[in-house]
Amino acid sequence: MPYVVQNMIIAELDLDERMLLSFTSKRTCRLLGMSKLYTNPYLSIKVRSDGVEVRIDNEDKWTFSIPYDKSALENVVYWKIDGSDVRVSHEVKEVGTEIKKHTVSIVEGADFKRTRISLDPLGKLLRHLSSFLNYDILHCICHTLPNGFISQLDCSLNYAKVWIRHEHVTIREFGRFYGRFRTREFKEDRAAVVTPKELEVLFSKIKIRELKLHVKFASAVYKYRKHPEPIGGPLIQKLILENHTWVDFSQLPTARIISFSRQVQSHEINTMFKSWVAGKNREIEIMYFEIGNKVTDRTRNFLFTGIAQHETQLTKAEIDSFLCYWFETNAWRPYQQRLRNIISLDIIREGDGLRATVIVATAGSLPDPEQKVFVMVWSEENLRTIGRAID
């Protein structure tokens with residue numbers, strides 16, 4: 001058939017029909033790629049202690065899993081995934097009269113805790129799906145991090161959200177609590193162990209809108225050294241760091257927005273300010289820190305030791321506009337938005353004279369108020385956000 005006719009036929013196929021046809025042959029999959037289908041709302045990858053799950057949420061729901069335990073799988077057949085024969089178990093459940101839920105368990109390489117090679121089915125599946133589907137939103141949530149997982153992510157895709165941390169660990173303690181001897185349980189969030197190469201992939205190979213990391217390295221003395229800035233600006237729009245022991249504050253990872261979830265020491269912030277004034281960390285436009293609850297005027301002054309301070313050129317309305325933007329984009333609750341004792345000043349970058357406004361404020365109530373630091377670089381995007389006209 002002529003190309004135009006083939007394209008018209010493929011355009012009429014729904015998600016179920018495209019999915020089932022794509023697994024029949026490599027040639028059929030290429031034909032489906034002529035007219036890619038947009039999935040709505042998103043494709044998600046979740047890594048848990050029992051396996052990996054890839055889900056496509058649409059009117060029809062497809063879930064692909066790579067389980068660690070494959071002993072209970074039945075009806076195993078061969079499907080063509082990314083040009084290779086892969087053993088899978090396919091189940092279909094009807095919900096109501098029209099909606100069907102498909103669950104596909106990938107048998108080949110299911111137990112991939114030990115070696116990187118057995119992660120290949122995940123990489124094959126992602127490449128296969130992206131060959132005939134377009135994703136408006138792609139999420140990847142890792143509650144645990146198997147060896148070799150990051151290298152299997154498709155670097156050609158745009159990820160809306162990538163979160164990596166270790167699964168909550170339940171801690172049990174026996175002792176005298178609340179006047180009685182008893183056992184109490186609480187969950188501890190632990191950092192996932194990554195390698196420098198894996199971090200390099202996340203920071204310089206994949207385009208991510210929001211990257212949230214709670215990671216550490218096998219070597220406690222390791223400090224990340226970023227590679228040259230990517231052409232066309234940072235690949236990461238927002239970077240949230242829940243653990244920053246591996247961060248070199250004179251050379252922060254490349255991202256437009258960096259937020260630190262845990263307390264940052266005054267000397268670390270001072271190092272970052274000095275490096276920015278000297279012309280480093282040029283890609284960063286917004287930063288957020290917490291500096292603890294026992295902060296004196298001397299502590300605040302130490303943030304700017306060795307740095308020329310200037311009266312801020314932002315108006316109160318512009319500062320309020322920036323803070324409102326931060327509250328909304330980070331889903332801060334109303335009680336978190338009650339800032340007081342707000343102090344603002346400008347620092348100026350050497351060479352081009354670009355300004356950055358530093359805002360130090362108190363949040364929370366006594367006896368444990370929190371000290372927060374916001375930094376807004378005077379980039380064109382930030383100035384538009386606060387409503388200032390750009391020359």
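This is a predicted model: local features need pLDDT of at least 70, side-chain atom pairs count only at pLDDT 80 or more; totals for chains, interfaces and linings use all residues.
**Entry 1: positive phi**

I began at Asn341, which lies in strand β20. Residues are numbered from 1 along each chain as its sequence is written, and side-chain values use heavy atoms, with hydrogens and water left out.

Back to Asn341: its phi is near 50°, a positive value in a residue other than glycine. Most residues other than glycine have a negative phi. Asn341 is exposed, with 54% relative accessible area. My cut-offs are under 20% for buried, over 50% for exposed and partly exposed in between, with a 1.4 Å probe and protein chains only.

Ala331 has a positive phi too, about 55°, and is not a glycine either. I found Ala331 in the loop between α8 and β20 (340-348). With a relative accessible area of 63%, Ala331 is exposed.

**Entry 2: the whole chain**

I then stepped back to the overall picture. The protein chain has nine helices and 22 strands. Of its 391 residues, 47% are buried. The chain exposes about 20600 Å², with carbon and sulfur atoms supplying 49% of that area; accessible areas come from the Shrake-Rupley method with a 1.4 Å probe, and for residues only the protein chains shown count as cover. I also looked up contacts, meaning heavy atoms within 4.5 Å. Among contacts with a separation of 6 or more, 59% join residues 24 or more positions apart.

**Entry 3: aromatic pairs**

How many aromatic pairs are there? My rule pairs rings of Phe, Tyr and Trp (its six-membered ring) if their centres lie within 6.5 Å, with planes under 30 degrees apart called stacked, over 60 edge-to-face and the rest tilted. The count comes to 17. Tyr224 and Trp246 are edge-to-face, because their ring centres are 6.3 Å apart and their planes stand at 90°. Tyr224 is in the loop between β15 (215-216) and β16 (236-241) and Trp246 in the loop between β16 and β17 (257-260), so this pair ties together parts 22 residues apart in sequence. Tyr224 is buried at 4% relative accessibility, and Trp246 is buried at 1%.

Next I took Phe249 and Phe260, whose centres are 5.4 Å apart with planes at 20°, so they are stacked. This pair links distant parts of the chain, 11 residues apart, with Phe249 in the loop between β16 and β17 and Phe260 in strand β17. Phe249 is buried at 5%, and Phe260 is buried at 0%.

I also noted one aromatic cluster, formed by Phe203, Phe217, Tyr222, Tyr224 and Trp246.

His244 belongs on this page, as it sits in the loop between β16 and β17 and is buried at 10% relative accessibility. Leaving out residues up to four places away in sequence, His244 touches Phe249, Phe260, Arg262, Gln263, Val264 and Glu268.

**Entry 4: charges over rings**

For this I asked that NZ of Lys or CZ of Arg be within 6 Å of the ring centre and within 35 degrees of the ring normal. The charged end of Lys212 sits over the ring of Trp163, 4.5 Å from its centre. Lys238 lies over the face of Trp326, at 5.6 Å from the ring centre.

**Entry 5: helix α5**

Which residues of helix α5 (residues 196-204) are buried? I list Glu198, Leu199, Val201, Leu202 and Phe203. Their cover includes β10, β13 (192-193), β14 and β16.

Beyond residues up to four places away, Glu198 touches Gly148, Ile150 and Val193.

Technical notes:
Helices (H or I, at least four residues) and strands (E, at least two) are DSSP runs, numbered from the N terminus.
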